[in-house]
Amino acid sequence: MRVLLAGLCTVDVVQRVDELPAPGEKVQSLRVDVAAGGPATNAAVTAAALGAEATLLTVLGAHPLAALARADLEACGVRVVDLDPTRSDPPPVSAVAVRERDGERTVVSRNAAGSEVTWSGTLDADVVLVDGHHPNLALAVAKAANADGVPVVLDAGSWKPVLDELLPLVGIAACSAHFRAPEPGLHQRGVPTVITTAGPRPVRWSTADGGSGEVPVASVEARDTLGAGDVWHGALAVAVTREPTVTDRIRFANEVAAERVRQVGPRSWTTAIAGRNRT
């Protein structure tokens, strides 16, 4: 199965600590990891670990920091298409702290503010995921997918101006609990299926034809929550072309995300989910 993912790629510097530092406080970390991050990127790593052919459309550039992300993604089996390979500025960097006792995290990131990059290639995918961080890219990919009848999944972590134009092109909007859209609602904006995750609480879903429900999340010991939502979205994208119902798709994504939060570190979980219902 071919999954095309379009969006943000960051360099994540992850410090694991006994306690998250208070303002003005310095703490010694227990370990440090450097990996590629970002919603579409972590979803791409998930899709690849699940056996899909994952292609990531993003911006990395020629800065030395970009090589770190590129090498990590290559090791994870993700094909990277860099839409601005000569860019000299550093890629977005996320400073992350993860608390040892419960996996809770804090993230400070620049993201892709001001990006104008776009895409005009040929779509070669069974499902598409966009995160909206490169607005023109998200629109171009979603329009191409609609033209080819390919389902589009939106990782809706927060409201972005591009969503006014993007939402009518989306088949599934997978929203975080903190996502808030201005009126009208997402169904009224043309989205057939809306899913809302809420951490350890049940995942809620609704459809434009009036269907609704929720799917419970397994109770697990959380060791590391960094990127868990991104992993959930990547698993959902894989499930879209493989599972017959909304609840089946959510259940599969829940299982994969639960495995992620059990594991310490930005990539250890990929081994745990590798081979799970491989395509």
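Author: Threonine 46 touches Val231, Gly234, Ala235, Val256, Trp269 and Ile273, leaving aside residues up to four places away in sequence. A contact here is a pair of heavy atoms within 4.5 Å. This is a predicted model, in which local features need pLDDT of at least 70, side-chain atom pairs count only at pLDDT 80 or more, and totals for chains, interfaces and linings use all residues. Residues are numbered from 1 along each chain as its sequence is written, and side-chain values use heavy atoms, with hydrogens and water left out.

Reader: Why is threonine 46 called buried?

Author: Buried means under 20% relative accessible area, exposed over 50%, and partly exposed in between, with a 1.4 Å probe and protein chains only. Threonine 46 has a relative accessible area of 0%, so the residue is buried. Its place is in helix H1, where a helix is a DSSP run of H or I with at least four residues, a strand is a run of E with at least two, and numbering starts from the N terminus.

Reader: And what makes alanine 274 partly exposed?

Author: Alanine 274 has a relative accessible area of 43%, therefore it counts as partly exposed. You will find alanine 274 in the segment after helix H7 (268-273). Its C-alpha atom is separated by 7.2 Å from that of glycine 51, 223 residues apart along the chain.

Reader: How do you know that S12 and S13 pair?

Author: Two strands pair if DSSP finds at least two bridges between them. S12 and strand S13 (residues 212-215) have 4 bridges, in the antiparallel sense.

Reader: What makes a space a cavity rather than a pocket?

Author: On a 1 Å grid over the protein atoms alone, a cavity is a set of points where a 1.4 Å probe fits but cannot get out; a pocket is an open set with protein on both sides within 12 Å along at least five of seven lines, and lining residues have an atom within 4 Å of a point. By this rule there are 2 cavities of 30 Å³ or more. The largest cavity has a volume of about 70 Å³, and its lining includes Asp12, Asn42, Val231 and Trp269. The second largest cavity holds about 30 Å³, with Val14, Arg16, Arg31 and Asp33 among its lining residues.

Reader: Which residues lie nearest the centre of the largest pocket, and what is the volume of that pocket?

Author: Arg105, Thr225, Gly227, Ala228 and Gly229 lie nearest the centre, out of 47 lining residues. The volume is about 1400 Å³. H5 gives the largest share of the lining, 5 residues.

Reader: How does the lining of the largest pocket divide by class?

Author: There are 18 nonpolar, 20 polar and 9 charged residues in the lining of the largest pocket. Ala, Val, Leu, Ile, Met, Phe, Trp, Tyr, Cys and Pro count as nonpolar, Asp, Glu, Lys and Arg as charged, and the others, Gly among them, as polar. The second largest pocket has a volume of about 220 Å³, and Arg87, Pro92, Asn111, Ala112 and Ala113 are the closest to its centre among 15 lining residues. Its lining has 7 nonpolar, 4 polar and 4 charged residues.

Technical notes
Grid points are joined across faces, edges and corners, and a volume is the space filled by probe spheres set on the points.
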